[in-house]
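Thanks for asking me to look this one over. Here are my notes, in numbered points, to read alongside the structure.

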Amino acid sequence: MSNTLDEKLEPLYQTVINRNPGEAEFHQAVHEVLESLGPVLVKYPEFGRHKIIERICEPERQIIFRVPWMDDNNEVQINRGFRVQFNSALGPYKGGIRFHPSVYLGVVKFLGFEQIFKNGLTGMPIGGAKGGSDFDPKGKSENEIMRFCQSFMTELQRHTGEYTDVPAGDIGVGTREVGYLFGQYKRITNRYESGVLTGKGLDWGGALARTEATGYGTVYFLNEMLKARGDALEGKTCIVSGSGNVAIYAISKLQELGAKVVACSDSNGFIHDPDGLDLALVKQIKEVERRRIKEYAKQKNAARYLAKGRIWSVPCDIALPCATQNELNGKDAQELIKNGCIAVAEGANMPSTPEAVDAFLNTGIAYGPGKAANAGGVATSALEMQQNASRDVWSFEFTDKRLSEIMTGIHQRCYETAEEFGTPGNYVNGANIAGFIKVAKAMVALGLI
């Protein structure tokens, strides 16, 4: 994979940079997609005539708003809220909401841009969007989080609806936050519109398997990549970055399929347990007690905690980055490869830097980019929307089976598209091209809008 763009695409990329100054993550996401599209414009010249790339890089709507709220000391706090509704050619906007201090317009746009193609790959009728705030839920009381969510939704509700825009959770936004957001939406609109938010609790319109979906889906995609190479997960040593929802359920599915997971992390450091992680203990620490992962090492003699250092230095057969963007750099990638890593599947969005991606592709290891490998979350959100629309509830087994089928289909589309465009085994090209073609055809069909 080269870092140079097709000569027809370079000026388009420069326009994106000039029109969106200072948004490094968005620039990176656009460049990574454009690198794959040169051959597509040759095969589909109508995409050039209709200026599809120029249009797809410009969000249909960008909403930025003030979020005022009162903390427990009766101090007024001000945060900034975002919703970037990027593309609705395939269906209502769909994408998560992230609450984290690092959130700014560039991060939201990169996530929304990725979401367009990820959602296209699922085959479900959903467009791409993303939202969030620079609010940090860490260290906040339940009441502070509720008041913030209510203020955030008071503005956001003007722009959402089950036929318009259906947000979900992301980093910092779990079932608790979705509950507060949904309650405020219901209060303001006077409508019990279950399909307006996904990731809901099971008692009030949520879907079984949604919590597990992103982590499970990443492992299903990984398993398909290994099968395509005549290999399997059984007996493999794995490391998983992060210890949130995606990481926990990726670890769960890896263990279920016979792999041994020896490390996970949080933003402070990582734990290495050569005996294999005790997932029940990880869940207790992170999901129940909401404490830092270092507590694990205090309870397991064989485990060690490293506050400084990189989880990618732990020798493994398989690595799953499941924390955040650009967490795995070129040096990390080289270390993984040197230690014998044969496969990487991304549970997070764009967790590998361009240098890391190049290292994986040049070495020929199985590499599943986030827009394909972690699409299980949004796919199951679309299944939650189906259940809400039909006032139905599906079993865990049925939803999980649908998730597995969707991830197998995504793998097949990426694999076959990579072959069709002359780069067999390159899931980056496969995912970018397959997702782009799906959305581009819809945009042509709908006219200049």
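**Notes on the predicted model**

1. Let me start with a lysine. The side chain of Lys253 makes a polar contact with the side chain of Tyr220, at 3.2 Å. Please keep in mind that this is a predicted model.

2. Lys253 belongs to helix H10, which covers residues 245-256. Is Lys253 buried or exposed? Its relative accessibility is 4%, and the cut-off for buried is under 20%, so Lys253 counts as buried. Leaving aside residues up to four places away in sequence, Lys253 touches Tyr216, Val219, Tyr220 and Asp400.

3. Lys308 has a relative accessible area of 73%, and exposed means over 50%, so Lys308 is exposed. You will find Lys308 in the loop that links strand S9 (304-306) to strand S10 (318-321). From Lys308 to Gln386 the separation is 78 residues in sequence and 45 Å in space, taken C-alpha to C-alpha.

4. Now to the sheet that holds S9 and S10. Seven strands form an open sheet in the order S9-S8-S7-S6-S10-S11-S12, and the pairing is mixed. The edges are S9 and strand S12 (366-368); each has a single partner strand, so one side of each is left without a neighbour in the sheet. On average, neighbouring strands of this sheet are turned by 15° against each other, direction ignored.

5. As a reminder, strands of a sheet pair through backbone hydrogen bonds, either parallel or antiparallel. S10 pairs with strand S11 (residues 343-345) in the parallel sense, over two bridges. Within that pairing, Ala319 has Val344 of S11 as its bridge partner. Helix H9 (residues 210-228) packs on the sheet and touches S10, S11 and S12, with its direction at about 150° to that of S11.

6. The other pairing involves strand S6 (residues 237-241), which runs parallel to strand S7 (residues 260-266) and is joined to S7 by three bridges. Cys238 stands opposite Val261 in S7. S6 is mostly covered, with four of its five residues buried.

7. H9 also has a helix partner. Two packed helices are described by the angle between their axes and the distance between the axes. For H9 and helix H16 (residues 376-389), the axes come within 7 Å and cross at roughly 145°. Their crossing is right-handed. On the H9 side the contact is made by Arg210, Ala213 and Thr214, and on the H16 side by Gly376, Gly377, Thr380, Ser381 and Glu384.

8. S3 runs parallel to strand S4 (residues 127-133), and five bridges join them. In this pair, Tyr93 stands opposite Gly127 in S4.

9. Helix H6 (residues 105-122) has 18 residues and reaches 26 Å from its first C-alpha to its last, close to the 26 Å expected at 1.5 Å a residue. H6 is mostly covered, since 18 of its 18 residues are buried. Just after H6 comes Gly123, which takes a positive phi of about 80°.

Note on methods:
Residues numbered from 1 in each chain as written. Predicted model: local features only at pLDDT ≥ 70, side-chain atom pairs only at ≥ 80, totals over all residues. Heavy atoms only, no water. Buried < 20%, exposed > 50% of the residue type's maximum accessible area, 1.4 Å probe, protein only. Polar contact = N/O pair within 3.5 Å; in protein donor to acceptor, adjacent residues only side chain to side chain. Contact = heavy atoms within 4.5 Å. Expected span 1.5 Å × (residues − 1). Pairing = 2+ DSSP bridges. Axes fitted to C-alpha atoms, helices over the stretch in contact; angles between N-to-C directions. Left-handed = near helix turned anticlockwise from the far one by under 90°.
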